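Colleague: Hi! Could you walk me through this one while I have it open on my screen?
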Amino acid sequence: METEAKVSEFQDLLSSRGVSRRDFMKLCGAIAVAAGLGELAAPRVAQALENSVIGATKGNLYPVIWIEGASCTGCTESFAQVESPDPASVVLELISLNYSETLSAAAGHSMEEAKAQTIEAGDYILIYEGAVLEGWNGQALRVADMPGTAHLEEAAANATAVVALGSCAVNGGWMGAHPNTSGALGVQAYLKKAGIDVPVVNIPGCPANPEWLVSVLVDVVMLGKLPDLNAENKPAGIFDQTIHDNCERRGHFENGEFVYQFGSEEEAKGYCLYPLGCRGPQTKSNCGVTLWNNRRSWCVQAGSPCIGCCEANPNDPGQNWVEVNTPFYKRHRDLRIGDWMVQPGTIALGITGILAAALVVHGFGMKVSGRMDGGADFEKVRKWDEKHPNQSIGQYDAAMKNDDEKEGR
């Protein structure tokens, strides 16, 4: 009876916000898949959500601290621009965003005080967006008379888990690209250097898909555990398959049907975008499954090659998606020799040109030296055949043999 009452109460909560039970179950299915549980686990996720959200409406909100590092706040925008009413917005009522430099209504002393109280109480999630800047002793991100790096250390030390949201937070993002004068790196790498041992969940993307964050919050807040993570501490259910694995254009790839120029007939037919620089085969993410904008579309479906914004090695700031994948609409990345960058195709063309020029020069040299005039003397009768006429392999006429005799051969 108590369970039925909770379900009824939760359904009333959904209805009051214009969300149908069907839409809610779709969200639960998506969360279950992202968490690596499979769609059959949707009822379990639904029950956990119902219990947690009902508890949240009665004051049991789970605290979250959201700190901005070196970022454009794109991940915040992605997370905040969820359409309303939407089942995800209902789910997120279970968290209390106690501190956010972008979204908090409070400012100044009162906001910093709220953060300090949350840290002291413990049992909260820290979401960190943007790169960590070690350059200039962390002073580039100075807030409330403290270096930005000190804010991260203070908030991470007492957190239940840290979510590095977006490729910048995972490994420095585009700020970690050469020459990286700001000393940008990811949250996981910085905390390791600082000696702070706290679970870190890496969610790359530029920006990160809001449903990926919802999935992690569901695991930590409602299911009481971290999601299954791969070797790079990324949720395995989201980032263990390449975009190419689930791409709707993969059939064209297998058939050798490609787009070589934008605006072409092949593009109109929806052929594979690999020759135009699509990084889908090397980028691990489930964008083609989760989609964007409430599952309306995604980059490749909209006609753009994947630019690999989810490529981010948390252990190497230099292996960021910008440095690895630019120029975006060319098949190969730039090769760097010091401060000089060049495309592999350009090197190949250059070598081909040098070899062609060398052959031309060699030909002129042969002509000038006279080695091409008249040609070399050749045997009209093979020496073996001449010495062993009874075992001759070649067939010769009498005139040819007579010529050889006259020449003394």
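This is a predicted model: local features need pLDDT of at least 70, side-chain atom pairs count only at pLDDT 80 or more; totals for chains, interfaces and linings use all residues.

Colleague: Which residue does Glu112 form a salt bridge with?
Modeller: With Lys115; their closest N and O atoms are 3.6 Å apart.

Colleague: What else does Lys115 form a salt bridge with?
Modeller: Glu154, where the closest N and O atoms are 4.0 Å apart. Lys115 is in helix 6 while Glu154 belongs to helix 7 (residues 148-157), so this pair ties together parts that are 39 residues apart in sequence. Glu154 itself is partly exposed, at 36% relative accessible area.

Colleague: How many salt bridges does the structure hold?
Modeller: Nine. Another one of them joins the side chains of Asp219 and Lys225, at 3.9 Å from N to O. Asp219 is buried, with a relative accessible area of 0%, whereas Lys225 is partly exposed at 35%. As for Glu112, Lys115 and Glu154, salt bridges with shared partners join them into one network.

Colleague: What sort of sheet do the strands form?
Modeller: An open sheet of five strands with parallel pairing, in the order 2-1-3-5-7. Strand 2 (95-100) and strand 7 (200-203) stand at the edges; each has a single partner strand, so one side of each is left without a neighbour in the sheet. From one strand to the next, the twist averages 20°.

Colleague: How many bridges join strand 1 to strand 2?
Modeller: Five, with strand 1 covering residues 62-68. If you want a spot to look at, Ile65 stands opposite Tyr99 in strand 2.

Colleague: New topic: which residues does the UniProt "binding site" annotation cover?
Modeller: According to the unreviewed UniProt entry, Cys287, Cys306 and Cys309. Those three span 23 residues in sequence, yet no two of their C-alpha atoms are more than 10.8 Å apart, so they gather at one spot.

Colleague: Where is Cys287, and what does it touch?
Modeller: Cys287 is in helix 14 (residues 287-290). Leaving out residues up to four places away in sequence, Cys287 touches Trp212, Ile243, Trp292 and Trp298. It counts as buried, at 9% relative accessibility.

Colleague: And where is Cys306?
Modeller: In the loop between helix 14 and helix 15 (321-325). Cys306 is buried too, with 7% relative accessible area. Beyond its neighbours within four places in sequence, its contacts include Ile243, Gly277, Cys278 and Arg279.

Colleague: Last one: where does Phe258 lie?
Modeller: Phe258 lies in the loop between helix 12 (250-254) and helix 13 (265-268), and it is buried at 16% relative accessibility. Its C-alpha is 4.6 Å from that of Cys272, although the two residues are 14 apart in sequence. Phe258 also touches other residues, among them Phe253, Glu266 and Tyr271.

Methods
Residues are numbered from 1 along each chain as its sequence is written. Side-chain values use heavy atoms; hydrogens and water are left out. UniProt positions are given in the numbering used here, feature names are shortened, and annotations may be inferred rather than shown by experiment. Helices (H or I, at least four residues) and strands (E, at least two) are DSSP runs, numbered from the N terminus. Buried means under 20% relative accessible area, exposed over 50%, partly exposed in between (1.4 Å probe, protein chains only). Contact means heavy atoms within 4.5 Å. Two strands pair if DSSP finds at least two bridges between them. Axes are lines fitted to C-alpha atoms, for helices over the stretch in contact, and angles run from 0 to 180 degrees between N-to-C directions.
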